[in-house]
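Trainee: Could you take me through one part of this model up close? I'd like to look at the salt bridges and hear what they join.

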Amino acid sequence: MARIGFVGLGNMGGPMARNLLKAGHEVAGFDLSPEALAGFAAAGGTRAASAAEAATGAEFVITMLPAGRHVRDAWLGAGGQGGGMAAATAPTAILIDCSTIDVATAREVAAAAGRPMLDAPVSGGTMGAEGATLTFMVGGPDDAYAAATPILSAMGRSLVHCGGAGAGQAAKACNNMMLAANMIVTAEAFVLAEKLGLTHQALFDVASKSSGQSWALTSYCPVPGPVPASPANRDYKPGFATALMAKDLGLAQDAAATAGAVTPLGAEALALYRRFLEAGNGDVDFSGIIGMLRSLTDR
């Protein structure tokens, strides 16, 4: 079993670290939240006093942090000026960042870390993190990916090596842009069905077996009933929060601007999710946008 350092024990990182413990790995963890650290320790993890302490002596070091600046500072020191976690690791350690950040920062940190590094953002939300059913989209060297595969497999069900440094973040940005647009049009279809006197179940039964089928419909249906596990059945408790979806859509639009790609539906999805966010729905599951679409329809 491996010695692992894990930094960022929040809603996603906490259950991911616990799954590593369940798999028999020795995990030292750090988080700025005393509550998160306490929960990790209660599951059998070793508390570290700092991120650098969590990384020291570890064969694999994993971060799950909010944004690119946090990732840069954690690995490379404040402002990227040195003294971060990367310097505290052994030269043979494999560094894994599971945060969702911009492609440019992922490539910058990988180039400066001085250790083999993977960007490995995830899809599957808190349910996937709890159930170890996440999908990992991974960028980085082939040999580091091969070595890290057993570690990632303890936290997820599907691993895809997408290419070199930053490729995992690129795949995540594209995937979540698709998901957001799919969810919006799926929600619009249910609102239209309501206006036309069609039941939720009838639309689901047709669309789930025909050309309207999508993951947003069959795994994460935005109305209660047809998919019992979807957040719609829990008053839209996330799941995957609207604030996170808006963040990811912003990253996708930044990447599109940098690459010179035209993404009009992605841009409109961002505008709608920012509108939903600004109405105070940051902690609501992103499928809850159906409520805003209903209110717009009823005006």
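Mentor: Let's start with a term we'll need: a residue is called buried under 20% relative accessible area, exposed over 50%, and partly exposed in between. Keep in mind that this is a predicted model. Searching the whole structure turns up six salt bridges, and we'll go through some of them.

Begin with Arg3, whose side chain meets that of Glu26 in a salt bridge, at 3.8 Å from N to O. Now put our term to work: Arg3 has a relative accessible area of 41%, so we call it partly exposed. Glu26 is partly exposed too, at 47%.

Next, find Glu130 and Arg18, which form a salt bridge with their closest N and O atoms 3.3 Å apart. Here the partners come from helices: Glu130 belongs to α7 (residues 125-131) and Arg18 to α1 (residues 13-22), so the pair ties together parts 112 residues apart in sequence. Glu130 has 46% relative accessibility, which makes it partly exposed. Arg18 is partly exposed as well, with 26%.

Then there's Glu194 with Arg294, a salt bridge at 2.9 Å from N to O. Glu194 is in helix α9 and Arg294 in helix α14 (residues 289-297), so to speak two distant parts of the chain, 100 residues apart, that this pair links. Both ends are partly exposed: Glu194 comes in at 29%, and Arg294 at 25%.

In helix α10 (residues 200-207), the residues Leu203, Phe204 and Ala207 are buried. Looking down the axis of α10, you'd see its buried residues fall within an arc of 100°, so they line one face of the helix. The cover over those buried residues includes α9 (167-195) and α11 (215-218).

What about links between cysteines? The structure has zero disulfides. Take Cys174: the nearest cysteine sulfur belongs to Cys162 and is 9.8 Å away, whereas a disulfide needs the two sulfur atoms within 2.5 Å. Cys174 is partly exposed, at 46% relative accessibility, while Cys221 is buried, with 0%.

Methods:
Residues are numbered from 1 along each chain as its sequence is written. This is a predicted model: local features need pLDDT of at least 70, side-chain atom pairs count only at pLDDT 80 or more; totals for chains, interfaces and linings use all residues. Side-chain values use heavy atoms; hydrogens and water are left out. Buried means under 20% relative accessible area, exposed over 50%, partly exposed in between (1.4 Å probe, protein chains only). Helices (H or I, at least four residues) and strands (E, at least two) are DSSP runs, numbered from the N terminus. The arc is that of the directions from the helix axis to the C-beta atoms. Contact means heavy atoms within 4.5 Å. A salt bridge is a side-chain nitrogen of Lys or Arg within 4 Å of a carboxyl oxygen of Asp or Glu.
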